[in-house]
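Subject: Structure handover and findings

Dear colleague,

Please find below the structure that I am handing over to you.

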Amino acid sequence: MTGEDERVDETDGEPNDWDAEVAEWDEEVAEWETDSAGSAGDTDPTDGGDTVEDTGESDHPSTDDEEPVDDPDLEPESTGRVPKVVSAGHINWDVTIHVDRLPEPDGETRIERLEQSGGGSAANVAVGLVGLGGRSVVYGSVGGDESGALALRELASAGVDPGQVLVDADAPTSVTYVIVDGDGELLMLANDGANESFSASEFDPDTLRAADHLHLTGQRPETAAALATAAGEAGATRSFDPGRRVGDREFDAALHATDLLFLNDREADALAASTDIDPWEPEDRVVAIKLGSDGATVRTPHGDVSHPGFDIDPVDTAGAGDAFAAGFLGAALRDPDVTEGGFSHDPRDYQVPLLVGNACGAIAAEAVTARVDLSWDRVREMMGDSPESDLLIEIRT
């Protein structure tokens, strides 16, 4: 969480009218959902002068202290478009197995529930963005087998454009076995299969030029770097969630070519140890760091903003990070103040994306599989469970 800086702003002691704030949020989101032109205004339920606090000590170095910021305006201007996002990376078929506990070596445990669904980080984010009113094209590769056909069918049914997906007839679709214990913790078994058969040279450049944003997930480093470079030349903003192998793969070129990074805290530490990028104190980009049950923090060159997340009983944490990215992008890309000319370095601009990202991550953690149906109704419902969330946003500059 954020460090020892002074409280950013105080209200005059007026009680928090949560119902009124939720009504304002509902009105804004309704415009997004019903406006055929893609009206994109959004408000944060914290608007109205509520307290913005700094409440905790940080485990990581803080940014330079400056004067406290003013109470932020959480009502970004509306735009007349719905963002179009290309999500590039892994497309899997998931087999999710729920057990009461993981067995010891040479032990045995009973399967309590088994589900199959589409998976893979690129595909999960693409589906989540469509649920939040965006337009998604997914780019990756599957095998020419039944699992690949099922994965593509699910994507199309969810409203994602899978027309660019490469079908590699010589390799199997990557199947991931996700084993979840009674506490919602998980382990994953996976084969690479066909999920990195695609390359940047096979992607239609016109599709990329028509996109507003490119979101990269795990893939071959050279493919990620080439796609990020091409997106920058096309004028699209770029984000990257490299995943668990960030410290083991040569992602330097792709990392430096993107505007926004998504990491969890372990990945952030691994990246800081293996590259010249310090995610906790970024010099030239925005970094959203997921902290599990402790919420998330957004680090920028000019400060940071944090939120402790929502109090839930997790069922399955697989896909929660993908849902966080979908929610964060779904809110941020609709706000021209955030993305005009690249992602803003003002931490105050990320309060709404952070809240929505945390809400979507919590929704996913309460679901049985990594693929979750996101909607603004579900986001509102999750936020309604935590009306004090506005008081816990922490901003430092």
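Predicted model: local features only at pLDDT ≥ 70, side-chain atom pairs only at ≥ 80, totals over all residues.

Residues are numbered from 1 along each chain as its sequence is written, and side-chain values use heavy atoms, with hydrogens and water left out.

Helix H10

Helices (H or I, at least four residues) and strands (E, at least two) are DSSP runs, numbered from the N terminus. Helix H10 covers residues 351-365, 15 residues in total, and spans 21 Å from its first C-alpha to its last, close to the 21 Å expected at 1.5 Å a residue. That expected span is 1.5 Å times one less than the number of residues in the helix. Of the 15 residues in H10, 15 are buried; buried means under 20% relative accessible area, exposed over 50%, and partly exposed in between (1.4 Å probe, protein chains only).

Glycine 357 belongs to H10 and is counted as buried because its relative accessibility is 0%. Its C-alpha atom is separated by 9.2 Å from that of valine 379, 22 residues apart along the chain. Isoleucine 363 also lies in H10, and its relative accessible area of 3% is why it counts as buried.

Salt bridges

A salt bridge is defined here as a side-chain nitrogen of Lys or Arg within 4 Å of a carboxyl oxygen of Asp or Glu. By this rule there are twelve salt bridges. Among them is the pair of aspartate 346 and arginine 348, at 2.7 Å from N to O. Both partners are partly exposed, aspartate 346 at 22% relative accessible area and arginine 348 at 29%.

Aspartate 284 and arginine 285 form a salt bridge at 3.2 Å, N to O; arginine 285 is buried, at 2% relative accessibility. Aspartate 265 pairs with arginine 266, their closest N and O atoms being 3.9 Å apart. In this pair aspartate 265 is partly exposed at 28%, whereas arginine 266 is exposed at 62%.

A loop residue

Tryptophan 280 sits in the loop between helix H7 (265-274) and strand E12 (286-290). With a relative accessible area of 5%, tryptophan 280 is buried. Its C-alpha atom is separated by 9.3 Å from that of aspartate 265, 15 residues apart along the chain.

Surface patches

Patches consist of residues with over 30% relative accessible area and no salt bridge, like charges being joined within 9 Å and nonpolar side chains (Val, Leu, Ile, Met, Phe, Trp, Tyr) within 5 Å. Asp100, Glu112, Asp183 and Glu185 make up a surface patch of negative charge. Glutamate 185 is located in the loop between strand E7 (175-180) and strand E8 (186-190), and is partly exposed at 47% relative accessible area.

A nonpolar surface patch is formed by Leu102, Tyr177, Leu187 and Leu189, with about 320 Å² of accessible area together. Accessible areas come from the Shrake-Rupley method with a 1.4 Å probe, and for residues only the protein chains shown count as cover. Tyrosine 177 lies in strand E7 and is partly exposed, at 39%.

Technical notes. Lys, Arg positive; Asp, Glu negative; His and termini not counted. Charge placed at Lys NZ, Arg CZ, Asp CG, Glu CD.
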